[in-house]
Amino acid sequence: MTKRAKHPVRTTEKSLRIIAELNQLGEARVTTLANELEMGKSAVHNHLSTLEKHGYVVKDSETKTYRLSLKFLDIGGQIRSQRDVYKVAEPKVEELAEESGELVHLVVEEDGKGVYLCRSKGERAVELDTYIGCRHHMHSTAFGKAILSRLPADRVDAIIDQHGLPQVTPQTITSRGELFEELERTRERGFAVDDEERLEGLRCIAAPIKFDSDVIGAISVSGPTARIDDDWESNEFVSELQRTVNVIELNKYNV
C-alpha cells in the first residue's frame with residue numbers, strides 16, 4: 001500500500017519521477033526519459049534543466065545524457081551524520097566486524113523498511129548486495145525482526161499492511177501469525193535470526209538498539225551457513241553482538 005499525499009504538487013511529483021528513473025537507468029537522454037515516463041520531451045527537459053541549475057543532475061555535453069549528481073551523496077552523508085545512533089555505533093560496528101571476521105551492519109527503520117546506515121567487513125566477510133542507504137523488507141531479515149520485536153503490535157500490523165510479506169527464499173516467513181510468533185521468540189531470547197530467509201546460504205543474527213525505551217536501530221552479523229551455527233543459544237557471535245549493543249546503549253550519554 002503506497003502512501004498518498006492529500007494535496008500533491010504535480011510539478012514536484014514529476015521531478016521526483018525523473019530522479020527515480022535516472023537512479024534506475026544510471027544515465028539517460030531526454031528522449032529516453034520522456035518515453036519511459038510517458039511525459040513530453042519539453043517537460044522533461046524543463047525539469048532536468050531546473051535540477052541541473054540547482055546541482056542535482058549533471059549533463060554530459062558530448063553524449064547529451066543526464067545523470068544524478070553527487071549532491072545526493074553529500075545530502076545523504078549529512079543526514080546520516082546527524083543520527084545519534086550512527087555517531088555512537090559506527091566505531092563499534094567496525095570493532096565487531098574485526099572481532100567476528102564477518103560482515104556487520106547498522107540498520108534503522110524508516111517508512112516500514114530497514115535502511116543501512118553503515119557496514120563493515122571482517123577479514124572473512126562475504127560480499128552481499130548491501131550498500132549504505134539501501135532498503136530491505138523487515139520480515140525477511142534478522143535486523144528487521146529485531147526492530148519489529150520492539151515495536152507496538154499495531155505498528156507492526158501497519159508495516160505489514162503497507163509492504164506485505166513477500167517471499168524472497170523458500171525459508172521466508174509469509175504469514176502474519178507466524179511472524180508475530182517469531183517476534184515473540186525474538187523478544188524472549190533478546191536477538192533475532194535470519195536462517196536463509198533473505199539469501200539462501202546466508203545466516204544472520206541481530207540485536208535491537210534501544211535509547212531509553214525507544215528502539216532506534218539494530219546491529220547484525222551476517223555470514224555463510226558453514227560458519228554461523230544455527231544452534232542459536234550457543235552461537236559464538238551472539239555474546240559478541242550483545243556486548244556491542246550494550247556498549248552502544250551506554251554510550252548514548254556521550255552524544
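Modeller: A residue is called buried when its relative accessible area is under 20%, exposed when that area is over 50%, and partly exposed in between. Please keep in mind that this is a predicted model.

Biologist: Take Ser15, then: which element is it in?
Modeller: Ser15 belongs to helix 1.

Biologist: Is Ser15 buried or exposed, and why?
Modeller: Ser15 is buried, because its relative accessibility is 16%, and the limit for buried is under 20%.

Biologist: What is Ser15 in contact with, apart from its neighbours within four places in sequence?
Modeller: With those neighbours set aside, Ser15 has contacts with His47 and Leu51.

Biologist: How much of the protein counts as buried?
Modeller: The protein has 255 residues, and 44% of them count as buried.

Biologist: Now the surface. Which residues gather in a patch of positive charge?
Modeller: That patch on the surface brings together Arg29, Lys41, Lys59 and Lys64.

Biologist: Where does Arg29 lie?
Modeller: Arg29 sits in the loop between helix 1 (10–25) and helix 2 (30–37). Its relative accessibility is 45%, so Arg29 counts as partly exposed.

Biologist: And the charges of the protein as a whole, how far apart are their mean positions?
Modeller: There are 35 positive and 44 negative charges, and their mean positions are 9 Å apart.

Biologist: On to the backbone. What is the phi of Glu38?
Modeller: Glu38 has a phi of about 55°, which is positive although Glu38 is not a glycine. Glu38 is placed in the loop between helix 2 and helix 3 (41–53).

Biologist: Is Glu38 buried or exposed?
Modeller: Glu38 is exposed, because its relative accessible area is 75%.

Biologist: What about the phi of Asp111?
Modeller: Asp111 also is a residue other than glycine with a positive phi, near 55°. Asp111 is found in the loop between strand 3 (103–110) and strand 4 (113–121). With 34% relative accessibility, Asp111 counts as partly exposed.

Biologist: Finally, the overall picture: how many helices and strands are there?
Modeller: The protein has 9 helices and 8 strands. Its C-alpha atoms fill a box of roughly 65 × 35 × 35 Å along the principal axes. Of the contacts between residues at least 6 apart in sequence, 56% join residues at least 24 apart.

Conventions
Residues numbered from 1 in each chain as written. Predicted model: local features only at pLDDT ≥ 70, side-chain atom pairs only at ≥ 80, totals over all residues. Heavy atoms only, no water. Patch = residues over 30% accessible without salt bridge, like charges linked within 9 Å, V, L, I, M, F, W, Y side chains within 5 Å. Areas by Shrake-Rupley, 256 points an atom, 1.4 Å probe, with all protein chains shown as cover. Salt bridge = Lys/Arg side-chain N within 4 Å of Asp/Glu carboxyl O. Lys, Arg positive; Asp, Glu negative; His and termini not counted. Charge placed at Lys NZ, Arg CZ, Asp CG, Glu CD. Helix = DSSP H or I, 4+ residues; strand = E, 2+ residues; numbered from the N terminus. Buried < 20%, exposed > 50% of the residue type's maximum accessible area, 1.4 Å probe, protein only. Contact = heavy atoms within 4.5 Å.
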